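The following exercises ask the reader to work through a two-chain model with the sequence and coordinates at hand. Each task is followed by its solution.

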Amino acid sequence: MEGRKLKDMLGSESKPGTEAEEGRNTMSQAGPVTETSSRPEGVGAPARPAKTLEAKEVNLYYGDFHAVENVNMTIEPNKVTALIGSSGCGKTTFLRSLNRMHELTRGATVKGSIQLDGEDVYGGGVDPVAVRRLIGMVFQQPNPFPTMSIYDNVAAGLNFNAGKIKKSAKDEIVERSLRGAHLWDEVKDRLGRPGSGLSGGQQQRLCIARATAVSPEVLLMDEPCSALDPVATLAIEDLIGELKKEYTIAIVTHNMQQAARASDNTAFFNLDESGKPGHLVEIGPTDEIFTKPKKKETEDYVSGRFG
Amino acid sequence: MPEIRVEYQEELQALEASALGGLDLVTSALTRTLEAVEHQDIELAQIVVADDDRIDGRYLEVHQALITLLATQSPVATDLRLISALLHVLKNIERMGDQCVNICKVIPMSGHEPPADAEMVKLILAMGAHTKSLISQAKHAFEERNVEMARDLVARDDVVDELNRDCFRLALAIGDDADKREWAMTMLLTARAIERIGDNAVDIGEQVAFVVTGLFREFEDASHPDPHA
């Protein structure tokens with residue numbers, strides 16, 4: 001399965017699937033696992049410098065419809081960047097362009113470039129499948145593979161490696177990933193049980209473990225806590241605070257207070273009016289956006305003066 | 001776009017009005033205090049002392065409501081800066097009220113027939129009048145979010161400081177009469193208290209700048225005197 005193009009795997013041109021389907025596609029098409037020696041060995045790995053994701057003149061379309069215009073922004077390494085803005089402002093569309101998921105929608109196109117440490121993920125000859133492994137995504141609705149065991153869920157990406165991995169190496173990666181996702185202690189005695197038997201918060205952490213098992217550089221999260229109760233939400237926020245020590249993270253959230261609590265930088269997207277393209281209004285350190293934003297539009301939005 | 005969070009906005013506006021209304025209470029306390037000083041009116045002084053409870057009450061009530069807003073409404077940006085500024089301003093108001101009480105408390109010390117020095121009394125009353133207009137300017141600067149008006153408080157307060165120094169010089173030269181010297185001491189305490197009220201008005205000006213600019217800066221710091229003064 002190494003290096004196979006996404007189109008081949010899916011057969012006919014893909015339609016926008018359910019979140020679960022897209023999640024499965026992301027992981028089942030995972031390319032070769034980079035050797036783990038690039039990461040510190042063992043459990044509780046210390047911080048590693050992650051990569052920068054840079055958007056340059058990004059314009060996104062659904063057919064003729066110009067959905068997002070002229071985004072220029074840097075998603076800083078080892079930091080959490082929150083993307084906020086009202087419904088339909090393009091933040092999720094933009095997020096999905098970062099790991100080439102936008103193009104999975106029929107007719108969806110991209111102009112501009114998205115660079116991971118200087119390498120354009122839309123460059124000629126780049127395998128989008130490899131991109132989606134390096135830039136992983138976690139969705140709003142937790143989507144563990146329901147019939148697979150917890151162990152197999154985490155190892156799902158690894159299982160598509162061209163060369164066989166030794167069981168012991170796989171065990172180590174599964175444990176590291178589950179520990180990294182703050183889930184190991186809760187599931188270590190039932191790794192063989194199905195992933196669907198877990199609570200919402202646990203399922204989401206399982207999805208995070210699955211995403212990190214394949215050693216990504218970046219984690220994208222699309223409203224990862226919207227389907228979770230407040231305690232599970234705070235647990236995921238704590239986890240995100242830990243994960244940024246190893247990864248670059250971007251998170252779309254509808255919850256202002258979550259953006260304020262959990263992110264280092266905040267990017268505010270908005271639409272001038274329905275039908276117009278969404279655009280980036282302002283991006284800056286989260287404490288500044290929430291204490292003295294530069295633009296009145298930003299101030300009005302974070303203060304809840306418009307929805 | 002329909003307006004949202006209207007109740008919260010209205011409550012915040014009402015709390016601002018209530019906090020700044022405390023400055024009106026201070027002005028009226030100061031007016032009566034100056035009258036009590038001028039006429040050595042002990043009864044009036046006692047009324048000012050008792051009425052300080054109203055200023056304290058205003059402080060506690062608005063303070064509590066602001067804390068509740070912080071807990072329940074997650075204010076950010078300008079709203080948050082405004083709430084922080086109002087908490088500071090309330091403290092300034094409470095201190096200004098206390099300074100009036102301090103002045104009123106020293107009036108009985110000088111007895112019913114004090115050997116008043118007319119020049120000294122004139123200075124005190126001038127300080128008081130000037131400080132009242134400082135309070136008014138601070139209040140307007142806050143209401144209007146006018147940073148220039150707020151900064152101007154520094155220069156106006158310098159006048160009060162100068163008058164305070166004049167009181168001091170006058171006291172030094174008051175002579176050998178024991179009663180007169182004692183009276184002059186109480187006048188210095190009075191002058192000092194008025195000078196502190198003026199400083200509190202300048203502090204309110206600094207809060208205006210904070211609300212508007214998001215930067216907290218002392219306009220003028222006693223430990224770093226203006227080299228151009």
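The model is predicted: local features need pLDDT of at least 70, side-chain atom pairs count only at pLDDT 80 or more, and totals for chains, interfaces and linings use all residues. Residues are numbered from 1 along each chain as its sequence is written, while chains are lettered from A and ligands numbered from 1 in the order in which they are written.

**Exercise 1. Composition of the chains**

Determine how many helices and strands chain A has and how many chain B has.

Solution. Helices (H or I, at least four residues) and strands (E, at least two) are taken as DSSP runs, numbered from the N terminus. On this basis chain A holds 12 helices and 10 strands. Chain B has 6 helices and 0 strands, and its pattern along the sequence is α-α-α-α-α-α.

Next, consider burial. A residue is buried if 20 or more other C-beta atoms lie within 10 Å of its own, exposed if 12 or fewer, and partly exposed in between, with C-beta atoms placed from the backbone. Of the 307 residues of chain A, 45% are buried; for the 229 residues of chain B the share is 37%.

Finally, take the contacts, for which the C-beta atoms of two residues, placed from the backbone, must lie within 7 Å. In chain A, 72% of contacts between residues at least 6 apart in sequence join residues at least 24 apart. In chain B, residues 24 or more positions apart account for 80% of the contacts with a separation of 6 or more. The C-alpha atoms of chain B fill a box of roughly 75 × 45 × 25 Å along the principal axes.

**Exercise 2. The sheet of chain A**

Solution. Two strands pair if DSSP finds at least two bridges between them.

Individual pairings can then be examined:

- β1 (residues 53-62) and β4 (residues 108-116) of chain A are antiparallel over 8 bridges, with A:Leu53 opposite A:Leu116.
- β2 (residues 65-75) and β10 (residues 278-285) of chain A run parallel, joined by 2 bridges; A:Val68 stands opposite A:Gly278.
- β9 (residues 265-271) of chain A and β10(A) run antiparallel, joined by 7 bridges, and A:Phe269 faces A:Leu280 as its opposite residue.

A hairpin is formed by β9(A) and β10(A), with 6 residues between them, and A:Gly275 in the turn has a positive phi of about 100 degrees.

**Exercise 3. Helix packing**

Find the angle and axis distance for α8(A) with α9(A) and for α2(B) with α3(B).

Solution. Axes are lines fitted to C-alpha atoms, for helices over the stretch in contact, and angles run from 0 to 180 degrees between N-to-C directions. Helices α8 (residues 200-213) and α9 (residues 230-243) of chain A pack at about 20 degrees, with axes 9 Å apart. That makes α8(A) roughly parallel to α9(A), given that angles under 35 degrees count as roughly parallel, over 145 as roughly antiparallel, 65 to 115 as roughly perpendicular and the rest as oblique. Residues making this contact include A:Gln204 and A:Ile208 of α8(A) and A:Ile236 and A:Leu239 of α9(A).

In chain B, α2 (residues 42-73) and α3 (residues 77-106) pack at about 170 degrees, with axes 9 Å apart. Consequently α2(B) is roughly antiparallel to α3(B).
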